[in-house]
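Open the structure in a viewer and keep the selection panel at hand. The stops below say what to pick next and what is found there.

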Amino acid sequence: MVFALCLAPLAILMLRAFMVGELRLGPNPVEDIQDELGIWGIRFLMLTLAVTPFRHLIGQAWPVQFRRMLGLFAFAYVSLHFLNYLVLDKQFDVGVILEDVTERQFITIGFVALLAMIPLAITSTNGWRRRLRHNWVTLHKLVYGIAAAGCWHFFSQVKKDLTEPLIYIAILTVLLVARVIIDGSRTPKRAA
Amino acid sequence: MLIKRPSDIKPSEITPEANFLNRRGFIRAASLAGSGLMLGTACSDADDNAPAAALTGDDELVPNSLDDIISYNNFYEFGLDKSDPARYSKDFKPKPWSVTVDGEAEVTGAFDYDDIVGPHTIEERIYRFRCVEAWSMVVPWNGIPMADLLKRFKPTSKAKYVAFETVVRPSEMPGQRRGVLDFPYVEGLTIAEAMNPLTLMVTGVYGIDLPNQNGAPLRLMVPWKYGFKSIKSIVRISFTEDEPPTTWSLAAPAEYGFYANVNPEVDHPRWTQASERVIGSGLFAKRQPTLMFNGYADQVADLYTGLDLRRNF
């Protein structure tokens with residue numbers, strides 16, 4: 001059920017791309033796809049980070065079971081966002097892509113964030129969590145840096161109107177502060 | 001109305017016959033009523049179902065569909081998304097319209113739309129349009145040569161620049177209530193740029209009155225510069241001695257300059273200008289290499305001999 005909801009933005013985008021019914025992309029379809037996939041990447045990152053604060057807010061444990069799925073969907077949307085850039089926008093022009101990644105700061109930030117998501121995606125399984133133990137938690141704290149990089153990537157490419165990126169930066173700040181408060185009020189735990 | 005064919009436009013840039021005929025199909029499809037600007041007798045017995053010519057390698061310009069042109073716009077006065085101007089400009093009333101002419105000229109004052117346009121013959125110009133955001137279209141504008149219009153005001157020798165200003169009407173332009181940019185939107189050209197034969201005072205597109213989202217009722221078109229220079233919904237023309245302020249340059253001086261000539265060798269600080277995405281080319285189209293001066297180097301390059309185009313971006 002939650003899985004289906006997470007797939008919904010992608011499904012709608014596909015329906016628009018294949019012109020099902022009245023659904024369409026705009027006159028610049030590659031840009032529309034890029035923007036939609038990117039914004040859902042950021043949204044899923046925020047949702048993932050919101051799980052623990054939410055669980056503490058309501059005092060119940062059930063939200064935690066969705067955190068991995070939300071995180072993996074964030075990875076999926078961000079990967080597709082990059083694939084759209086690679087395949088449809090730049091059409092595998094490696095020279096231009098290299099130039100972008102090395103010279104356009106916001107693309108460097110975005111690319112680094114994507115790369116950092118890979119080890120997190122790989123180690124998302126129970127098996128890896130057992131193997132890494134307390135190191136797993138340390139590794140997965142990277143998600144805060146990734147979310148910040150995503151916000152910075154978004155912020156840097158907006159032409160003039162900073163409202164939307166600033167909203168996500170505000171959300172991220174609130175989630176970070178919530179997490180600091182939660183961690184601060186916990187008694188020290190033994191290694192998981 | 002008789003349509004003149006300006007002799008200094010390359011023959012390859014005149015609409016291929018097939019597209020010129022096919023535009024009626026576009027207009028019909030868009031269900032827009034013809035206006036007094038409907039191009040006249042030239043093709044009345046022609047085959048309206050001739051297919052649009054495919055994009056050929058030898059520089060024949062195939063215009064974008066009217067739907068593309070009227071639904072994908074940057075016009076922050078009506079909102080920030082590309083679809084906002086079409087959606088939110090319905091209450092805008094382009095007539096009656098008045099343009100104030102002032103500054104270093106012998107003939108100044110307020111002129112209404114018919115005073116401005118009436119004495120001239122409307123021409124069709126098919127121009128490439130290149131946005132600074134690295135997308136482009138081909139648009140069949142209708143308008144009058146700016147040089148012919150400006151000469152009527154007899155600019156003096158002190159007039160080194162021509163400045164333009166957009167209307168401020170927050171009651172009809174919701175984007176102006178937010179002020180992402182400082183309104184009124186202002187732009188300017190050197191007198192030589194304004195008098196260049198390519199520079200157009202646009203009154204319509206595809207043979208119909210200019211839609212609100214495209215800058216009704218009068219807008220500038222300077223096809224060798226980035227689109228933000230082609231100011232829309234003009235209410236003031238001023239002849240000035242000094243370089244006039246321009247809105248995007250004020251908003252982000254490191255990113256947008258006064259000249260804003262299309263130049264694949266000078267990147268925007270945050271993205272490349274070497275290529276562009278052609279609107280309407282579809283999901284799987286390759287980006288197109290950007291042309292120096294948007295392909296109009298033959299007509300305008302000598303305006304800039306000796307000017308460092310990287311510093312004067």
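Predicted model: local features only at pLDDT ≥ 70, side-chain atom pairs only at ≥ 80, totals over all residues.

Stop 1: Which residue of β10(B) is the bridge partner of B:F164? The partner is B:I237.

**Stop 2: around B:F164.** Keep B:F164 selected and show its contacts. Leaving out residues up to four places away in sequence, B:F164 touches B:V186, B:E187, B:G188, B:L220, B:I231, B:I234, B:R236 and B:I237.

**Stop 3: the cores.** B:F164 also belongs to the largest nonpolar core, which has 64 residues; together with B:V162 and B:M201, B:F164 is among those with the most contacts inside that core. Strand β4 (residues 135–145) of chain B gives the most to this core, 6 residues. For a second, separate core, of 26 residues, select A:C6, A:L70, A:Y77 and A:F154, which are included in it.

**Stop 4: α4 and α5 of chain A.** Select residues 94–103, helix α4 of chain A, together with α5(A); the two axes come within 5 Å and cross at roughly 95°. The helices α4(A) and α5(A) are therefore roughly perpendicular to each other. At their contact, A:D100, A:V101 and A:T102 of α4(A) meet A:I107, A:T108 and A:F111 of α5(A). By type, the residues of this contact are 3 nonpolar, 2 polar and 1 charged.

**Stop 5: A:A116.** Stay on α5 (residues 105–122) of chain A, where A:A116 is placed. Is A:A116 buried or partly exposed? A:A116 counts as partly exposed because 14 C-beta neighbours lie inside 10 Å, while a buried residue needs 20 or more. Beyond four places in sequence, A:A116 is in contact with A:L142, A:G145 and A:I146. To try a distance, pick A:V174: its C-alpha is 23 Å from that of A:A116, at a sequence separation of 58 residues.

**Stop 6: between the chains.** Finally, show both chains. Their contact takes 15 residues from chain A and 19 residues from chain B. On the chain B side, 10 are nonpolar, 3 polar and 6 charged.

Methods:
Residues numbered from 1 in each chain as written. Chains lettered and ligands numbered in written order. Contact = placed C-beta atoms within 7 Å. Nonpolar A, V, L, I, M, F, W, Y, C, P; charged D, E, K, R; others polar. Helix = DSSP H or I, 4+ residues; strand = E, 2+ residues; numbered from the N terminus. Buried ≥ 20, exposed ≤ 12 C-beta atoms within 10 Å, placed from the backbone. Core = buried A, V, L, I, M, F, W, Y, C linked by C-beta atoms within 7 Å. Axes fitted to C-alpha atoms, helices over the stretch in contact; angles between N-to-C directions. Parallel < 35°, antiparallel > 145°, perpendicular 65-115°, else oblique. Pairing = 2+ DSSP bridges.
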